[in-house]
Amino acid sequence: MSINTASTSQTRNTVYVAVFAAMIAAMGLLPPITLGIIPVPITLQTLGVMLAGALLGPWRGALASSVVVILSLAGLPLLAGGRGGLGILFGPTGGYLVGWIFGSLVIGALFKYWVLRNENKTVRFITGLFSVLVGGVAVIYLFGVPWTAVVTGLDLRTSLIGSLGFLPGDILKAVVTTLVALTVHHSYRGLMK
Amino acid sequence: MIASKNRSYLARIRPGWKFGALLVLSIGLYLINSWLILLSIIILSVVLLLTARVDFKQLRMPLLSLAMILSVVFILLGLQTDWTNAVVSVLRLLTMCLLAYSVSLTTSFDAMLELFQQVASPLRFIGANPAQIALGLSMTIRFIPELKKVYLEVREAQHARGLGNNPLAVSVPLVIRSLKIADETAEALDARGYDSASYQR
């Protein structure tokens, strides 16, 4: 019995992308989490997007995020709050969706080629956190904020200030992502080749 | 927001045309600065939606949240620039969203996916496999209920320990169990001799 390794890893990749995309969707389907320290309840959906990059790498992570974006724009109510449809893309928050895809890509690349090259746990955490903040917060906001400005007619500064309300929650999610990703990588060696 | 039941004339137009028209209209809307013209366009859009027998119930929630955002935008813009500008921007944004939703509500999910496949077909040249993409999309849909169940179970289990609102306590088990499901599924697919590289045998 011969094992076709090419299709085996391709099957594995497709399944991983599908499962993570489904996970991101599932994270948007349940009610948000209320923490004591942050006044706004946070959904884990962006956390899922960041994790997709950190755990699956640049291509599979970006694909997972793309799948969620495609399915939501096609009409499924997968975005937090049961939202979906083309109106999201043409509305004020459309840029964030596009940002998800690039965010996963950047986080994945940084993790694969930098963070995971270090064996020291503290170094991994610091580089990991930095990578998630860059890819998960900076990149996503880089797409989201200008889009809001263009679509609503508000200037960049106002759009940026408006988005700052989400920053504490997103930073917390970045920390959680780093911790989860490093924990999983520790038990699942070879998750990202 | 699935337009499975819409049977109006809009539903019969190919999604590619609708989406293209939407893009062109959106750009056009940005070139218009007269609130009068925008107001007439928005009235036309509403008429369009009404004649297409769009299910307005589905629009209630998105329109509500949009209304909240729009009021904030209106006030901010009015204070920062002038009120005519604020009216123009709000009308523009409202029209764009209405038109976008009209496409969403009159295009079936399968038709939308077909549209995305058409849009993405040039990607074939950088090695993307369209059959694989289609498979990935349907596989994802199939996994969503299962993972939603896992997420719910994990949250309840952690809730019993008083950690139900701790994102870390909820994420780790969710991810580990999801990876396990992924590995088991991939193994099962391979054990059945599933060759994902090609569909021809």
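In the predicted model, residues 12-30 of chain A are 95% helix and 0% strand, with their end C-alpha atoms 27 Å apart; helices (H or I, at least four residues) and strands (E, at least two) are DSSP runs numbered from the N terminus. Residues 63-80 of chain A are 67% helix and 0% strand, and the end C-alpha atoms of this span are separated by 19 Å.

Residues are numbered from 1 along each chain as its sequence is written, and chains are lettered from A and ligands numbered from 1 in the order in which they are written. As the model is predicted, local features need pLDDT of at least 70 and side-chain atom pairs count only at pLDDT 80 or more, whereas totals for chains, interfaces and linings use all residues.

The complex has an ipTM of 0.89 and a pTM of 0.89. Chain B has an average pLDDT (the predictor's confidence in each residue, from 0 to 100) of 84, and 93% of its residues score at least 70. Within chain B, mean confidence is lowest in helix 1 (residues 9-12), at 77, and highest in helix 8 (residues 167-191), at 91.

The contact comprises 56 residues of chain B and 54 residues of chain A, two residues being in contact if their C-beta atoms, placed from the backbone, lie within 7 Å. On the chain B side, helix 4 (56-80), helix 5 (83-105), helix 6 (109-120), helix 7 (130-160) and helix 8 each supply at least two residues. Helix 8 of chain B gives the most, with 15 residues. By class, the side of chain B that touches chain A has 40 nonpolar, twelve polar and four charged residues. Here Ala, Val, Leu, Ile, Met, Phe, Trp, Tyr, Cys and Pro count as nonpolar, Asp, Glu, Lys and Arg as charged, and the others, Gly among them, as polar.
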